[in-house]
Amino acid sequence: MYQPQRQTTQPDYDREPEDEHVNNNTISSRYQEDQCPFGYIFNSRTQLCQDVDECEADLHVCSTGEVCVNMPGGYRCSRAQPTTTSQPVRCQPGFQYSDVYHRCIDIDECSEQESPCDSNQVCENTMGSYLCQCKSGFQLDSITQACIDINECQVDLHNCLPSQRCDNTIGSFQCVRYTSCGTGYTLNAQTGLCEDNDECALHMCDHLGPGYKCRNTLGFFRCDKINTPGPSSTTETSTPCDSCSLSTPSITFRCPRGYYANAQRRCIDINECEKSGACKPNQVCINIPGGYICSNKMNCEPGFRLNEETNRCMDIDECVEQPGLCDHNCHNSWGSYRCTCRSGYTLYQDNRTCADINECEMFKDRRLCIGYCVNQPGSYSCQCPQGYRLGIDGASCQDIDECTSQNVCTGRNEVCLNMRGAYRCVSTACPPDYIKDSQHANRCKRITMSCREDDKECLQKPLTYTFHFITLVSNLTRSSGPLDLFMMRGPMWSSTNVQFDLRLDKVHTPPSVQAASLQSFRLEEADHNVANIRLLQPLIGPQDIYLQLFMKFFYNGIYGGTTISNIAIFVSQYEF
C-alpha cells in the first residue's frame, strides 16, 4: 500500500535560554558527547543529555498485548488493560484484541459469515491471514488467478472403462456406458465387456437331426455334420431338393433338409439367402448349414451407423464427416462428439460456438490490472494512464518520475515535486521583507528582527515562513484509523509554551471532485510543544490543498513571536 512520507520538523531559534533547567527528560549537568548515561542521548545544541523515548523510536521489546511506557533513561512494559480505556489496543492486521486473554489473537477469517474465498475454493485459516485453495476437480488459472474446472476427460484423469464414455461435469466427471454389443453378445454389467452367447446351449442345431453337432464361435455358431461311412452303392443322377434321394433298384440315397445331393453323392448346403424374399424387408438373412436365420436389422442410436455386412452399429466420426462442425476444436467420442474452445473463450449454449470471455468484467473483483483492463478476443491486456508506464508483469502501473527524466520546472525558486502519475512545480519564493535562510532551503526569515515596542504590526509579523510538501494517492484509506501527516516540534524547555493553530488557506480541485475542508484534518498536541496533523477521511483526487500551521511562542508567559508553516498536500488522480 502506498504510504505518504510523514514530515517532522523542529524550528531553530537564534537565542537559547540562559538558565539551565531540570526536568524528567533532561540531565542538567554538562556532559561530553560520549559521556551520557545509558538511555540518554547528547543534544549538541543544548549541551545536555536528553532522554531517549524507546517507545516512540520502537526500540522496546514489549510483546503483543503489552503497552510500552517511556521512563527517564528507560521504559517499562505494562499489560494492556481491557477495552474500558479510552485508547483501545491496536492489533496487527489479521488479529483482534481479546478481552478474555487480554492480548491480540488470530482472526479465523474462514469462520466468518461471508467466506473470503469463492465457491470453487476451500478456505484455510493461517496465523494472521488465510489461504484460498482450489477444491478437488479445480485448478488455479495462472492468468485470472481463479479456480477453474479440470476437464478430466480431456486430460485423461478419469477411470472410465473402455466400454464407457467420459462426460465432464463441474468439478468432476461421469462414466456413461456406450457399448452396443450386437447380435451374438451380451453385456456384462460388472466388467462393462461384451461376452459371447453360447447358442449351442440353446440347442440351435437339434432340428437337423442326430447327424449334426453344434459348434459355438465368437458372436455366432455352426452346425457341423458328423462324418459317417458313405453308402456302398453308386448313383447315376443328382437333383437338388429339400429332401433329396438317389434311387437304384436296390439303394436309395437321401440328403437332409436344406441340402442337395451332387454328382459325387455328397450333400451340399443350400444358400437360401441367395434367393430374394427369404426374409422380411426389415431383416437380414444369415445362411447357416442346413438353413438360414432372419435377424432383425439393428436400430442404431444417434451417432451410430449400421454395417450391413456385420449387422452391427458402428460409430460415426462426426468431426471428419462434418468439417466446421465445431467453432474451434472437435473431439470425436463413441456415438457422439464434443466441442471445446481455445483459452480465453467459453462454449456457447449450442455446445458448438465459442464466445469470447470478457475477463475484465468477469474477474473485475480480482483486479487483473492496476490501471485499465482492455478486453481482447480470447484474452485481455492492461494499460496505464498518462504519467505511468506498464510494469514488467504486464499488470501493474509504475509511476514515471518526470522530475528526473525531463527538465520540466524552469522558473526561479521553483522545485519539481514528483507525485503518482503527475508532478508539480512548487515555489519556495520568499514574500516581501523576507530572505532565504542559508541554513534551511525551505525557510524564509525576516530581514530585520527589531521592532519598536508600540509597533504591534511589526511585532505580530511572522519570524519565519517554512514550506512543506506532501503527496498522496486518491482515496487513501487506513483501516487502523486516522493517518498521521505532519508533525511540528517546538522548544522543549519547560519555560517555553507554544500555541498551535491550523488554518485552511485554499483548495484547487475540478468541479467533479469534492474539495477537502478543515474538518478533513485534526490538530492534536502529542506532547509538550509538539503538534501532530492527522487526516480523518480519504481525499479524492485530483486536488491541491494548502494548509497553514501557526506557532505562537511564549517565554515565561511573555509573547516571543510567531512562525508559519505552509503545508501543501497534492492528491493524485488515481488510487495507485
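Val-408 is in contact (heavy atoms within 4.5 Å) with Glu-402, Cys-416, Tyr-423 and Cys-425, leaving aside its neighbours within four places in sequence. Val-408 sits in the loop between α3 (402-405) and β35 (414-419). Helices (H or I, at least four residues) and strands (E, at least two) are DSSP runs, numbered from the N terminus. The C-alpha atoms of Val-408 and Arg-424 are 9.2 Å apart in space, while the two residues are 16 apart in sequence.

The model is predicted; local features need pLDDT of at least 70, side-chain atom pairs count only at pLDDT 80 or more, and totals for chains, interfaces and linings use all residues. Residues are numbered from 1 along each chain as its sequence is written, and side-chain values use heavy atoms, with hydrogens and water left out. The average pLDDT (the predictor's confidence in each residue, from 0 to 100) is 82 for the protein, and 86% of the residues score at least 70. Residues 1-24 stay under 50 in pLDDT, and the model has 58 contacts beyond four places in sequence for them. Residues 231-250 are also below 50; this stretch has 44 contacts in the model beyond near neighbours in sequence.

Aromatic rings come next. A pair of aromatic rings is described by the distance of the centres and the angle of the planes. Rings of Phe, Tyr and Trp (its six-membered ring) pair if their centres lie within 6.5 Å; planes under 30 degrees apart count as stacked, over 60 as edge-to-face and the rest as tilted. The structure holds nine such pairs. Tyr-212 and Tyr-259 are stacked, because their ring centres are 5.7 Å apart and their planes are at 25°. Tyr-212 lies in strand β17 (residues 212-217) and Tyr-259 in strand β21 (residues 259-261), so the pair ties together parts that are 47 residues apart in sequence. Both tyrosines are buried. Buried means under 20% relative accessible area, exposed over 50%, and partly exposed in between (1.4 Å probe, protein chains only).

Tyr-388 and Phe-576 form a tilted pair, 5.0 Å centre to centre with 50° between the planes. This pair links distant parts of the chain, 188 residues apart: Tyr-388 is in strand β33 (residues 388-390), and Phe-576 is in the segment after β45 (558-571). Tyr-388 and Phe-576 are both buried. Together with Tyr-574, they form one aromatic cluster.

Two charged side chains sit over rings (NZ of Lys or CZ of Arg within 6 Å of the ring centre and within 35 degrees of the ring normal). Arg-503 lies over the face of Phe-550, 4.0 Å from the ring centre. Lys-506 lies over the face of Tyr-546, at 4.9 Å from the ring centre.

A nonpolar core is a set of buried Ala, Val, Leu, Ile, Met, Phe, Trp, Tyr and Cys residues joined through side-chain atoms within 4.5 Å. The largest has 25 residues, and Leu-485, Phe-521 and Ile-569 have the most contacts inside it. At least two residues of this core come from each of β39 (464-472), β40 (483-489), β41 (496-508), β43 (530-535), β44 (543-555) and β45. The largest share, five residues, is supplied by β44. Beyond residues up to four places away in sequence, Phe-521 touches several residues, including Leu-485, Leu-502, Ile-533 and Ile-569. A second, separate core has nine residues, among them Cys-205, Cys-223, Cys-255 and Cys-267.

Polar contacts are pairs of N or O atoms within 3.5 Å; within protein, one must be able to donate a hydrogen and the other to accept it, and residues adjacent in sequence count only if both atoms are side-chain atoms. The side chain of Asn-43 makes one with the side chain of Gln-50 (3.1 Å). Asn-43 is in strand β3 (residues 40-43). It counts as buried, at 17% relative accessibility. The side chains of Ser-396 and Asp-393 make a polar contact at 2.9 Å. Ser-396 is in the loop between β33 and β34 (397-399).

Some backbone angles also stand out. Most residues other than glycine have a negative phi, and most peptide bonds are trans. A cis peptide bond joins Gly-541 and Pro-542, with omega about 5°. Pro-542 is in the loop between β43 and β44. Asn-413 is not a glycine, yet has a positive phi of about 65°. Asn-413 is partly exposed, with a relative accessible area of 33%. Asn-556 also has a positive phi, near 55°. Asn-556 lies in the loop between β44 and β45, and is exposed at a relative accessible area of 65%.
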